[in-house]
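User: Hi! I am new to protein structures and would like to learn how to read one. Could you walk me through it?

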Amino acid sequence: QVEQARTLWGKTEAWKQYEEKSAGRSKQQSNQIAQGLMDLFRQLGQHRPPSADCPEAQTWVQQLRDYITANFYDCTPQILQGLGQLYAGGGRMTENIDKAGGEGTGAFARDAITIYCK
């Protein structure tokens, strides 16, 4: 997935930030950060709020955004909106998210992110 991301975003400021933040991380540290991200989706799926616009769902989106900013790059609303589309867009990313949080977690995350970014 890193190679795909590099192809898509390798010339962006966000990619530069990602490279700076990940420089010097061990494989174990990188795996722990990736696991932490999946843990957020697992929590969302296990404690799915009643709707994407409820305060609990919006708090989850803020936690996701903060986690991404702390560990990868400045997660602007524009970037977050794009990530939301990827989370529900099918393929391996959606499969991994739905595996972590249960079927439909990627789509629910996308819907909550869309509301957050408005």
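**Reading the helix α4**

Analyst: Happy to! Let us begin with what covers the buried residues of α4: the list includes α2 (13-22), α3 (27-46), α5 (77-87) and α7 (105-117). Helices here are DSSP runs of H or I, at least four residues long, numbered from the N terminus. The model is predicted, so local features need pLDDT of at least 70 and side-chain atom pairs 80 or more, while totals for chains, interfaces and linings use all residues. Residues are numbered from 1 along each chain as its sequence is written, and side-chain values use heavy atoms, leaving out hydrogens and water.

User: What is the average pLDDT of the chain?

Analyst: pLDDT is the predictor's confidence in each residue, from 0 to 100. This chain averages 91, and 92% of the residues score at least 70.

User: Which residues of α4 are buried?

Analyst: Buried means under 20% relative accessible area, exposed means over 50%, and partly exposed lies in between (1.4 Å probe, protein chains only). In α4 the buried ones are Ala57, Gln58, Trp60, Val61, Leu64, Ile68 and Asn71. Seen down the helix axis, they fall within an arc of 170°, so they line one face of α4; the arc is that of the directions from the axis to the C-beta atoms. Pro55, Glu56 and Ala70, on the other side, are exposed.

User: Which residues have the most contacts inside the largest nonpolar core?

Analyst: Such a core is a set of buried Ala, Val, Leu, Ile, Met, Phe, Trp, Tyr and Cys residues joined through side-chain atoms within 4.5 Å. The largest one has 26 residues, and Phe41, Trp60, Leu64, Ile68 and Tyr87 have the most contacts inside it. At least two residues of this core come from each of α2, α3, α4, α5 and α7. Take isoleucine 68: leaving aside residues up to four places away in sequence, it touches Leu37, Tyr73, Cys75, Leu83 and Tyr87. Contact means heavy atoms within 4.5 Å.

User: How many salt bridges does the structure hold?

Analyst: Look for a side-chain nitrogen of Lys or Arg within 4 Å of a carboxyl oxygen of Asp or Glu. The structure holds two. Arginine 42 pairs with aspartate 39, their closest N and O atoms being 2.3 Å apart.
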